[in-house]
Amino acid sequence: MAADRRRVAILGATGSIGRQALEVVSARPELDVCALASGSTDLEALASAYGVSHVQVGGDPVALLEAAEPDIVLNAVVGFAGVRATLWALEHGVTLALANKESLVAAGDLALDAWKRGGGLLLPVDSEHSAVFQCCEGRAPETVDSIVLTASGGPFRERPLHELDAVTVEEALAHPTWSMGPKITIDSATLANKGLEVIEAHFLFGLPYDRIEVVVHPSSVVHAIVRLRDGAALAHLGYPDMRVPISFALTYPERRETPVAPLDFRAGLTLEFEPPDTERFPLLRLAREAGERGGTYPCAFNAANEVAVEAFLRGLVRFTDIATVVEDALGAVDGAPARDLDELVEADEEARRHAAGRLTPT
Ligand SMILES: NC(=O)c1ccc[n+]([C@@H]2O[C@H](COP(=O)([O-])OP(=O)(O)OC[C@H]3O[C@@H](n4cnc5c(N)ncnc54)[C@H](OP(=O)(O)O)[C@@H]3O)[C@@H](O)[C@H]2O)c1
């Protein structure tokens with residue numbers, strides 16, 4: 001029987017996830033691109049290649065989504081800019097394939113309310129969360145004891161603390177196992193990415209923070225582990241390739257084939273694990289603390305981190321200043337919960353102002 005046709009809106013279509021999503025869509029006759037959005041990159045060529053008339057560069061995506069009437073929104077925008085699309089899809093019960101973790105981190109409480117009202121599917125695209133989702137599928141929540149998110153450890157996993165001040169942008173962008181956009185690559189080097197993922201997991205799976213663990217696993221073959229209450233642990237394995245979780249979300253629950261090679265156990269797979277070092281990588285600890293404090297602290301963590309990462313990428317601050325800027329911003333904001341999107345935007349802007357005020361030239 002032919003699969004149902006699906007109209008997919010790809011937001012962040014020119015980025016790393018967006019381009020891989022277009023590759024996945026091209027290989028699946030039942031998937032049609034109905035809308036494309038980018039931040040500033042021209043979309044004319046992509047729109048003509050995919051025969052798409054609903055296209056937007058920058059700005060609020062809501063009118064675009066209303067006009068395009070997607071069955072699935074793939075939110076692959078980077079940063080807080082993805083918040084409106086996340087809230088729109090959840091509120092309208094449109095399936096949300098979520099790569100843009102920052103939106104769930106910043107707007108977690110509002111997103112959960114919108115999801116409850118909309119009643120649609122929220123399918124994580126982040127590889128770790130897709131892995132947890134798959135390991136938990138069909139299981140009663142009370143059977144899950146805790147989850148373990150794996151982290152590659154980034155390019156500075158073995159770098160001593162006293163050398164981290166001097167690492168360059170080029171070194172930080174050289175991720176050992178994943179090829180990704182610049183912001184998430186820096187977040188992986190500081191472990192802020194894993195911190196964002198802890199908060200993302202809290203909202204996605206409804207688990208308290210003390211049941212969300214992080215472990216460093218340099219080869220990135222195990223994406224996540226779910227511990228069950230009887231002592232069993234289920235792991236999700238695969239080569240690090242985002243086309244798998246993207247395809248999983250876009251073809252759910254069909255689980256279509258992808259061009260990704262199956263694991264080859266004769267090729268020397270190494271499955272090593274070690275605890276993360278939050279002294280060298282304090283952003284993981286700061287994210288967890290922000291998540292535990294709740295309110296708009298996660299929003300402030302994300303906002304300050306975005307400002308500091310951008311400054312690092314532009315050569316304005318050192319690698320280690322990213323954590324200092326975020327910690328200072330978290331100490332300066334009031335973290336009061338946001339009752340609506342306007343209040344959330346205010347909290348985001350307040351944290352950005354604090355962070356920008358702390359940027360000192362290197
Ligand atoms: N890359 C990965 O492997 C990976 C894995 C897991 C999760 N994620 C998450 O997926 C998201 C995207 O990551 P990425 O690596 O694909 O980033 P990326 O390569 O930097 O791409 C970001 C995309 O967002 C677009 N964008 C930026 N600002 C926008 C705005 N205001 N409105 C609409 N679009 C905007 C960019 O458009 P322009 O081209 O115009 O700048 C680009 O298409 C992030 O939240 C990241 O954490 C990524």
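Modeller: A residue counts as buried under 20% relative accessible area and as exposed over 50%, with partly exposed in between (1.4 Å probe, protein chains only). The structure is a predicted model, in which local features need pLDDT of at least 70, side-chain atom pairs count only at pLDDT 80 or more, and totals for chains, interfaces and linings use all residues. Residues are numbered from 1 along each chain as its sequence is written, and side-chain values use heavy atoms, without hydrogens and water.

Colleague: Why is Leu-191 called buried?

Modeller: Its relative accessibility is 4%, so Leu-191 falls under the limit for a buried residue. Leu-191 sits in the loop between α10 (182–190) and α11, where helices (H or I, at least four residues) and strands (E, at least two) are DSSP runs numbered from the N terminus. Its phi is positive, about 70°, although Leu-191 is not a glycine.

Colleague: How do you know whether Ser-220 is buried or exposed?

Modeller: The relative accessible area of Ser-220 is 4%, and therefore Ser-220 is buried. Ser-220 belongs to the loop between β8 (212–216) and β9 (222–228). Although not a glycine, Ser-220 has a positive phi of about 55°.

Colleague: Why is helix α4 described as largely enclosed by the rest of the structure?

Modeller: Helix α4 (residues 83–91) is so described because seven of its nine residues are buried. Those residues are Val-83, Ala-85, Thr-86, Leu-87, Trp-88, Ala-89 and Leu-90. After α4 comes Gly-93, with a positive phi near 65°.

Colleague: What makes a residue part of the lining of the second largest pocket, and how many residues line it?

Modeller: On a 1 Å grid over the protein atoms alone, a pocket is an open set of points where a 1.4 Å probe fits, with protein on both sides within 12 Å along at least five of seven lines; a lining residue has an atom within 4 Å of a point. The second largest pocket has 15 such residues, and Cys-136, Arg-139, Pro-141, Val-144 and Phe-205 lie nearest its centre. The elements giving two or more residues to this lining are α7 (127–136), β7 (144–151) and α11 (192–205).

Colleague: Where does Pro-253 lie?

Modeller: Pro-253 is in the loop between α12 (243–251) and α13 (282–293). A cis peptide bond, with omega of about 0°, joins Tyr-252 and Pro-253.
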